[in-house]
Amino acid sequence: RAVRDDVLGIKAMKYPHRSEWSKAKWARQAKTWHAWSDMRKRCLNKNNSSYRLYGARGITICERWRLHYDNFLMDMGIALSGLSLDRIDNNKGYELSNCRWVSAKEQQHNTRRNQFITFNSETKCLNAWVPKLGVTQSAICHYAKRHKLTVQQVVIKRLKLKASPVL
């Protein structure tokens with residue numbers, strides 16, 4: 001059943017009826033529906049508090065998903081417990097090739113604020129490298145500032161030291 005979405009002014013699938021599914025399936029389906037609905041609000045509703053971070057930045061939703069929840073559900077599947085919708089490239093829009101379900105920890109590693117560092121053809125954010133370095137992120141930043149180096153230079157230097165065999 002399609003109804004008018006007054007906030008966004010387009011037709012969208014009505015929220016599914018609870019009686020159609022078991023309680024567990026309903027909870028998963030509701031989580032997926034909210035992810036889709038919230039995605040649309042962030043990108044399309046200028047009155048949404050997150051619009052400036054999404055829609056105003058040019059983050060779009062592919063037409064297939066923008067207009068129909070069923071298409072989003074078919075492409076992405078039902079969100080599993082503990083996972084949320086994530087864009088792989090934060091400068092690109094919501095589309096099948098750029099979206100995935102990830103844990104909160106994984107999503108925190110994929111933000112525009114993160115500093116990405118590549119070592120031996122492996123690119124990770126600074127927080128992801130920290131466990132391999134044996135020092136804290138703040139120690140890395142202080143060392144970089146004190147020695148007038150970039151954080152990337154410090155991390156790569158430390159990774160090289162860790163990777164070199166001890167004689």
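Which helix gives the largest share of the lining of the second largest pocket? I looked it up, and α6 does, with five residues.

**Ground rules.** I am working on a predicted model, where local features need pLDDT of at least 70, side-chain atom pairs count only at pLDDT 80 or more, and totals for chains, interfaces and linings use all residues. Residues are numbered from 1 along each chain as its sequence is written, and side-chain values use heavy atoms, with hydrogens and water left out.

**Pocket.** I took a pocket as an open set of points on a 1 Å grid over the protein atoms alone, where a 1.4 Å probe fits, with protein on both sides within 12 Å along at least five of seven lines; lining residues have an atom within 4 Å of a point. The second largest pocket has a volume of about 170 Å³ (the space filled by probe spheres set on the points, which are joined across faces, edges and corners). I noted that α6 (137-146) and α7 (151-163) each supply at least two lining residues. Helices are DSSP runs of H or I, at least four residues, and strands are runs of E, at least two, numbered from the N terminus. The lining includes His142, Tyr143, Arg146, Lys157 and Arg158. By class I read seven nonpolar, one polar and three charged residues. Here Ala, Val, Leu, Ile, Met, Phe, Trp, Tyr, Cys and Pro count as nonpolar, Asp, Glu, Lys and Arg as charged, and the others, Gly among them, as polar.

**Salt bridges.** My criterion was a side-chain nitrogen of Lys or Arg within 4 Å of a carboxyl oxygen of Asp or Glu. That gave two salt bridges. Asp75 and Arg64 meet at 2.8 Å, N to O. Asp75 lies in α3 (residues 69-76) and Arg64 in α2 (residues 63-67), so this pair ties together parts 11 residues apart in sequence. Arg100 and Asp86 meet at 2.9 Å, N to O. This pair links β4 (residues 99-103) with β3 (residues 83-87), 14 residues apart.

Is Asp86 buried or exposed? I found 3% relative accessibility, so Asp86 counts as buried (under 20% relative accessible area; exposed is over 50%, partly exposed in between, with a 1.4 Å probe and protein chains only).

I then checked β5 (residues 116-119): Ile117 and Phe119 form the covered face, Phe116 and Thr118 the uncovered one. Four bridges join β5 to the antiparallel β6 (residues 122-125); strands pair if DSSP finds at least two bridges between them. Phe116 stands opposite Cys125. Two residues separate the strands, and Asn120 takes a positive phi near 50°.
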